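Biologist: I would like to learn how to read the helices of a model such as this one. Could we begin with how burial is judged?

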Amino acid sequence: MTRLHILDLSSNSLVGEIPKDLGKLKSLLELSLYDNHLVGNIPQELGTLSDLSSINVAGNNLSGSIPKQLGECSKLQFFNLSRNGLGRSIPVEISNLQSLQILDLSRNLLTGEIPRQLGLLHKLETLNLSHNQLSGSIESTFDDMASLTSIDISYNELEGALPNIPAFRNATIEVVRGNKGLCGVIAGLNPCATTRSKGKNNNKKLLLILVPTLACLLSLLLVVGGSSIVRRRVRKTEASSKDGTNENPWAILSFDGGMVYESIIEATEEFDPKYCIGVGGHGSVYKAQLQTGEILAVKKLKEAVDVEIANRKAFEREIHALTETRHRNIVKLYGFCLSSRHSFLVYEFLECGSLKDVLNNEERITTFDWKKRLNVVKGVAYALCYMHHECSPPIIHRDISSKNVLLDAEYEAHVSDFGTAKVLQPYSSNWTSFAGTFGYAAPELAYTMEVNHKCDVYSFGVVTLEIIVGRHPGDLISSLASSSSSSSCHSTASWPLKEVLDQRIPYPEGDVLGEVAFVTKMAFSCLSPKPEHRPSMQQVSQAISAHNSIVLSASEDIKLEELLDPTCFTY
């Protein structure tokens with residue numbers, strides 16, 4: 001279709017890469033591929049489309065760098081590459097787009113400095129570079145951009161003075177928030193330091209030499225002094241432990257746990273297998289007892305020497321977001337370490353291990369009674385409700401399973417393993433690759449990769465049934481799905497609840513039976529194959545709290561069909 005002027009395939013479910021052959025559409029004026037599932041690189045062949053006025057490929061899973069050949073689209077006015085995974089630096093060739101009015105490169109993994117050549121875009125009105133990893137100073141970049149009326153450089157690593165232009169003078173603090181050292185004309189920012197005399201101005205070169213030198217000397221002194229102080233504190237802590245006191249060693253730690261790096265290596269003997277207490281998809285978990293007596297769970301990540309720096313930074317940001325969570329039913333993350341030698345996460349150690357371990361241990365199962373099981377269900381529900389509805393932005397776990405629910409000595413539930421967690425970004429479709437455990441993942445993930453809170457709701461339903469049944473409920477779920485379309489009187493739905501419950505502990509009675517029946521009914525509602533029919537975790541949490549405070553009753557001959565939600569297991 002060589003005479004085609006407008007190609008709009010946006011907001012579909014297109015997969016695969018952008019075809020290079022689109023470069024043959026020489027008459028194309030507008031190209032819209034936004035909000036699909038496209039992957040791979042942006043074809044450099046698009047740079048041959050000299051008449052293009054609009055390119056919009058936002059909201060995909062594109063990677064690689066921005067092709068410098070796109071700088072040859074001299075008539076381009078609208079250019080949107082936002083909400084992808086594009087990395088490396090912004091090509092200076094974009095400055096050749098002299099007709100450009102709107103440029104949106106936000107929510108990618110772009111690094112390096114903002115090219116000063118962007119100041120040549122004299123017709124540019126809107127510029128969005130937010131949520132990247134851009135660094136350096138921007139003081140002189142935008143001085144000549146008189147047409148610029150809207151700018152957003154928030155959540156980068158930029159520093160220095162803001163240009164004194166209308167786009168910044170008329171802006172709010174939101175457009176620069178999340179950087180490490182900006183100052184200037186926006187209300188809420190620190191004013192920039194000014195020189196009062198030419199003498200100070202002439203001494204800048206001298207300062208540029210002296211300051212780094214003095215900083216290096218000071219850093220060396222701090223390292224030597226800090227090491228000495230740490231050694232003294234460790235000795236004091238050991239002494240206090242012997243005296244019967246147990247001072248918290250984490251009180252002296254920095255965020256990344258660097259000060260106890262060697263202590264953890266020593267406690268695990270360089271991660272010897274004999275200290276391994278669990279293996280997961282993203283790494284192995286080790287039990288580490290420090291010299292202070294503190295016991296920690298250390299999750300050593302699988303080696304990934306080929307991981308790009310940009311992806312590592314994105315991982316660090318995800319961890320930083322998770323450290324903001326404070327909830328009794330979420331395992332405490334003390335810190336993490338990313339280094340060329342070892343990369344690991346440091347968590348609190350929970351005595352009883354995982355829910356899966358308890359359910360599979362015939363000796364311990366007899367003490368895991370119905371009240372404790374109901375308490376575990378409530379704990380997981382409260383944790384997910386907090387993550388989905390009280391965290392900002394919301395956090396989706398994506399791998400809720402019995403192996404990722406840890407129990408303390410009182411059988412209180414703690415949701416763990418946030419290696420696949422997704423922080424939902426506003427104004428984003430939040431598409432991603434599959435993550436989770438088969439048998440717990442929501443069925444819609446077989447044909448769509450959009451992450452939302454209803455994926456966790458489904459997994460919660462599976463875990464709840466697993467607690468009730470005493471084993472993974474896959475066979476039960478399949479049987480109920482089959483019987484929903486069958487009129488047979490002997491279908492699974494007609495089974496008594498008594499036959500389904502874990503037979504290894506006594507049958508619940510009285511109010512406890514009522515609570516078990518209610519929790520089973522709630523689990524079925526969470527397992528609806530249609531996400532819109534599942535309740536939110538807030539609704540589940542509120543229902544649990546409400547039914548916990550009233551007397552429930554259920555007859556001993558109650559059948560599963562009385563507990564099934566009408567929207568469950570129907571396709």
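Modeller: Burial is read from relative accessible area, where buried means under 20%, exposed over 50% and partly exposed in between, with a 1.4 Å probe and protein chains only. Helix α8 is mostly covered on this reading, since 16 of its 17 residues are buried; helices (H or I, at least four residues) and strands (E, at least two) are DSSP runs, numbered from the N terminus. This is a predicted model, in which local features need pLDDT of at least 70 and side-chain atom pairs count only at pLDDT 80 or more, while totals for chains, interfaces and linings use all residues. Residues are numbered from 1 along each chain as its sequence is written, and side-chain values use heavy atoms, with hydrogens and water left out.

Biologist: What is found at the start of α8, and what follows α8?

Modeller: A polar contact is a pair of N or O atoms within 3.5 Å; within protein, one must be able to donate a hydrogen and the other to accept it, and residues adjacent in sequence count only if both atoms are side-chain atoms. At the start of α8, a side-chain oxygen of Asn-452 comes to within 2.9 Å of the backbone nitrogen of Lys-454. After α8 comes Gly-470, with a positive phi near 95 degrees.

Biologist: At what angle do α8 and α11 pack?

Modeller: Axes are lines fitted to C-alpha atoms, for helices over the stretch in contact, and angles run from 0 to 180 degrees between N-to-C directions. Helix α8 (residues 453–469) packs against helix α11 (residues 510–526) at about 145 degrees, and their axes are 8 Å apart. Contact means heavy atoms within 4.5 Å, and the residues that make this one include Phe-460 and Leu-465 of α8 and Val-519 and Phe-524 of α11.

Biologist: How is α7 placed, and how many of its residues are buried?

Modeller: In α7, 15 of the 20 residues are buried, so this helix is largely enclosed by the rest of the structure. At the start of α7, a side-chain oxygen of Asp-369 lies within 3.3 Å of the backbone nitrogen of Lys-371.

Biologist: How many helices and strands does the protein have?

Modeller: The protein has 12 helices and 23 strands, and of its 571 residues 47% count as buried.
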